[in-house]
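Let's take a friendly walk through this model together, one region at a time. Keep the structure open beside you as you read.

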Amino acid sequence: MGWISNTLQSLISGIAVGSTYAIVALGFTIIFSSTEVVNFAQGEFVMIGAMISYWLTYDDFGLRWPLYVVVPIAVAVSAVVGLLLGWVLMRPRKDASPISLIIITVGASVLLQGIAGNQWGKDAVPVPPFTAVDPPPLDLGAIFHNGSLFPVSVQSQQLWVMGLMVLLVIGLTLFFNKTMVGKALRAVAVNKHGARLVGINVSRLVMGAFALSAAMGALAGAAIAPISTGNYAMGAMMGLKGFAAAIVGGLGNFTGSIVAGVLLGVLETCGAGFLPPEFAQYKDAFAFIILLLVLFISPNGIFALWRRKKAVRA
Amino acid sequence: MTPLLHVAHLRMVFDGLVAVDDASFDISAGQIKALIGPNGAGKTTLLNVISGLLTPTSGQVALADKPIHGLPPHRVAALGIARTFQNVELFPAMTVLEHVMVGRHLRSRSGFFAAALRLPGMRREERQIHLDAERYLAQVGLSAHADDLARDLPFGKQRLLEIARALATEPKLLLLDEAASGLSTREKKELVNLIFAIRDIGVTIFLIDHDMDLVMSISDEVVVLDHGEKIAEGTPHAVQNDDRVIAAYLGEEPVHA
Ligand SMILES: Nc1ncnc2c1ncn2[C@@H]1O[C@H](COP(=O)(O)OP(=O)(O)O)[C@@H](O)[C@H]1O
Ligand SMILES: [Mg+2]
């Protein structure tokens, strides 16, 4: 019954990694819906969160600050970088095309990666887990049976990542539905004209949206790096996977981004488990194969397909 | 007395097309003033300039002596000009109450980070905003629809919602772009009552409409635009008997509907 254990194990790692994809995808979604800009620097916020967590916790620099100080600092630094990027993007004339703004985000991504490579070197770096002790191995079989059928061990950091994703989703839902600023952002997303005319300062709100998505990305980075290790270039892959999830979920679709992000993590991890070892390096291609398939079948994301079916039935 | 709104030598040119040509007029506080003219005369463009959506090619707009031309729309709104659109501009997937709450955004203090962190003072303010929003909905008679989505409202009620959202910004001057078009006779009557009620709480009104009966019966003064140019201004009676106005409307629609 080893394969059941293995599958469950992959499923858990997949959900954990997928949770970070989901958070990055949500970052894309928030920015895209308020600006029509795809922010290709989104993954760099994950890198900033991971690398600053490493930088301030490891001894090389004489710092050994506890994580409950370090992670908020990493998140705050990333939020400021996001704010600056938002500010830069809001500078050009109102009629600047989204394409030229997207190119600016690509530039920002290259720049941030360059700075990180210079500062922290090219090697993978360790980031400590939020809590040192892992829970005892979980045995799902024991619930139904008196034996040790399907032992699965869960790292505490995996629980942290999943928990953070759930909290973030709850927090964002409250933010967008219960607060004035959240409502204003939704208004900007659907009708900038109408929003401006009721006195909403669209550029300021968009800068805030950038700060928010940057903070979320950094949190995801600080949380996943203890599992995946940190690297100056990790943002590129994170950004691409989060982008794939955002597209698969239907760009601009909140729930779609979350589901697609988690699904992508699971498919990728489980897929890698079934591949023969010599193909293991193709694991990262998985996200893009899925992305291509979805774009062929339903260019507006998997949920558009589902909605179309429902509409036909109705 | 200085007028509430002063428009002087306003010109708006789009790639060679002169949409508004040297228009000048004043709106006094407390007035209901109308802007009429054939289709394409430049009426909406004029409203777009006043509300900050367009920067005029030349000329001035001043609100209570303060120049406002060229200011971004949110600043103009903050200074006290609200408007509705010829084609309603709502937030389709938001509720009726949320629309009016968004209108209150301008008059609320809480910033982005206070909201993101859910600071306690904010919750109190949000409750207040909620109450205010309900008051504005009651004013236009939409209380029963507070929780409906805007896109599910019948057209006439969408227009009322736009007015409620505009009122929530506490304007000194309310610009209504064809607020009566597409309304039934009964809805028009209700709209006229609402316009008078809004005037009576101290809001000055500048409205565009094609329904001459409606315009002539509620306005204190009328400005007539043709091909971007002001061709007449005065009381409804004077304007209706103006030769240039009659000529401009020949072949369009009769001034006396
Ligand atoms: N943003 C714009 N760009 C180019 N031309 C415009 C624009 N807005 C309006 N126009 C033109 O300006 C003229 C006046 O339009 P408009 O102000 O909408 O007239 P009205 O509201 O009186 O019917 C029309 O010829 C219209 O095509
Ligand atoms: Mg018009």
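Helix 1 of chain B gives the most to the shell around ligand 1, with three residues. Helices (H or I, at least four residues) and strands (E, at least two) are DSSP runs, numbered from the N terminus. This is a predicted model, in which local features need pLDDT of at least 70 and side-chain atom pairs count only at pLDDT 80 or more, while totals for chains, interfaces and linings use all residues. Residues are numbered from 1 along each chain as its sequence is written, and chains are lettered from A and ligands numbered from 1 in the order in which they are written.

Around ligand 1 you will find B:Phe14, B:Leu17, B:Ala19, B:Gly37, B:Asn39, B:Gly40, B:Ala41, B:Gly42, B:Lys43, B:Thr44 and B:Thr45; a residue is near a molecule or strand if its C-beta atom, placed from the backbone, lies within 6 Å of it. Strand 2 and helix 1 of chain B are the elements that give two or more residues to this shell. By class, the shell has four nonpolar, six polar and one charged residue, where Ala, Val, Leu, Ile, Met, Phe, Trp, Tyr, Cys and Pro count as nonpolar, Asp, Glu, Lys and Arg as charged, and the others, Gly among them, as polar.

Now to the sheets of chain B. An open sheet of four strands has the order 2-1-4-5, with antiparallel pairing; two strands pair if DSSP finds at least two bridges between them. Strand 2 (17-27) and strand 5 (66-67) of chain B are its edge strands, each pairing on one side only. Strand 1 (residues 5-14) and strand 2 of chain B run antiparallel and are joined by seven bridges, and B:Leu10 has B:Ala23 in strand 2 as its bridge partner.

Six strands of chain B form another open sheet, in the order 6-7-8-3-9-10 and with mixed pairing. Because strand 6 (81-84) and strand 10 (229-234) of chain B each have a single partner strand, one side of each is left without a neighbour in the sheet. From one strand to the next, the twist averages 15 degrees. Strand 6 and strand 7 (residues 173-177) of chain B pair in the parallel sense over four bridges, with B:Ala82 opposite B:Leu174 in strand 7.

Two helix pairs come next, one in each chain. Axes are lines fitted to C-alpha atoms, for helices over the stretch in contact, and angles run from 0 to 180 degrees between N-to-C directions.

| Helix pair | Angle | Axis separation |
|---|---|---|
| Helix 3 and helix 6 (residues 155-167) of chain B | about 30 degrees | 7 Å |
| Helix 2 (residues 42-57) and helix 3 (residues 67-90) of chain A | about 140 degrees | 9 Å |

In chain B, B:Val96, B:His99, B:Val100 and B:Gly103 of helix 3 meet B:Leu161, B:Ala164, B:Arg165 and B:Ala166 of helix 6; two residues are in contact if their C-beta atoms, placed from the backbone, lie within 7 Å. The residues of this contact comprise five nonpolar, two polar and one charged.

Finally, the chains meet: 21 residues of chain A are in contact with 27 residues of chain B. On the chain B side, helix 2 (73-79), helix 3 (96-104), helix 4 (112-117) and helix 5 (120-140) each supply at least two residues. That side of chain B has 15 nonpolar, seven polar and five charged residues.
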